[in-house]
Amino acid sequence: MESPLLEELIALLDEAASITATTGCCQGVKDALEKIVASGNDFIDPHFLVPDATKYARRLLHKDPLGRYAAMVMVWDVGQGTALHDHAGMWCVECVYRGRIKVVSYSMQGNEGDEYRFSPEKVVYAGPGEAGALIPPFDYHTMENAMDVPAITLHVYGGEMKWCNAFLPNENGYKLERRELSYTA
């Protein structure tokens with residue numbers, strides 16, 4: 001079931017995706033997400049908004065037929081979050097739809113083989129209608145629900161993100177692990 005606001009969002013994303021410069025495209029996507037979400041009106045079908053008790057839910061909202069972007073809905077139940085990760089060289093704009101999210105960005109200090117060193121750079125708490133862009137190589141981050149109720153975010157990637165690099169803490173820093181990504185039913 002598509003709503004007029006979702007149709008408007010897709011049209012705005014299509015327009016933004018036609019900009020060839022990554023920074024211009026991301027700004028257009030950010031503007032589109034903030035405009036539609038800031039209306040405060042629901043435009044996402046309720047079946048996309050259901051939490052998964054075992055991990056954050058990841059559902060495909062729209063995939064551009066030309067492959068320029070994919071829009072995802074992610075639902076974060078209480079206490080859910082990500083490992084430190086990147087977006088496999090793909091830009092992303094993330095916007096809070098409902099709730100509050102904590103995002104910590106990191107800078108890579110170096111690596112030896114598959115052992116990496118990171119430093120936290122910035123902590124951002126974002127609420128409904130607030131969006132930010134992650135453009136490689138500045139895309140190392142964690143995300144987590146910052147409240148005691150479920151939170152929902154919209155993510156628009158520069159293509160369909162099917163995997164990412166996760167960085168798991170160990171005694172020497174972080175160990176790289178490639179993670180295949182899937183959708184939640």
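Colleague: Quick one to start: is Asp114 buried, partly exposed or exposed?

Modeller: Asp114 counts as partly exposed, because its relative accessibility is 33%. Buried means under 20% relative accessible area and exposed over 50%, with partly exposed in between (1.4 Å probe, protein chains only). Bear in mind that this is a predicted model, where local features need pLDDT of at least 70, side-chain atom pairs count only at pLDDT 80 or more, and totals for chains, interfaces and linings use all residues. Residues are numbered from 1 along each chain as its sequence is written, and side-chain values use heavy atoms, with hydrogens and water left out.

Colleague: Thanks! Which residue meets Asp114 in a salt bridge?

Modeller: That would be Lys175, at 2.6 Å from N to O. A salt bridge here is a side-chain nitrogen of Lys or Arg within 4 Å of a carboxyl oxygen of Asp or Glu. Lys175 sits in strand β11 (residues 173-180) and Asp114 in the loop between β5 (101-112) and β6 (115-126), so the pair ties together parts that are 61 residues apart in sequence. Strands (E, at least two residues) and helices (H or I, at least four) are DSSP runs, numbered from the N terminus.

Colleague: And how many salt bridges are there in the whole structure?

Modeller: The search finds nine. One of them joins Glu180 and Arg178, with the closest N and O atoms 3.0 Å apart. Glu180 counts as exposed at 56% relative accessibility, while Arg178 is partly exposed at 48%. There is also a network, in which shared partners link Asp14, Asp64 and Arg68.

Colleague: Within that, what about Asp64 and Arg68?

Modeller: Their side chains form a salt bridge of 2.8 Å, N to O. Asp64 is buried at 3% relative accessibility, whereas Arg68 is partly exposed at 26%.

Colleague: Switching to helices: how do the axes of α1 and α2 cross?

Modeller: The axes of α1 (residues 4-17) and α2 (residues 22-37) come within 8 Å and cross at roughly 165°. That makes α1 roughly antiparallel to α2, a label for angles over 145 degrees. Axes are lines fitted to C-alpha atoms over the stretch in contact, and angles run from 0 to 180 degrees between N-to-C directions.

Colleague: Nice. Which residues meet there?

Modeller: Among them are Leu5, Leu9 and Leu12 in α1, and Val29, Leu33 and Ile36 in α2. Contact means heavy atoms within 4.5 Å. By class, the contact has 11 nonpolar, one polar and two charged residues.

Terms used. Angles under 35 degrees count as roughly parallel, over 145 as roughly antiparallel, 65 to 115 as roughly perpendicular and the rest as oblique. Ala, Val, Leu, Ile, Met, Phe, Trp, Tyr, Cys and Pro count as nonpolar, Asp, Glu, Lys and Arg as charged, and the others, Gly among them, as polar.
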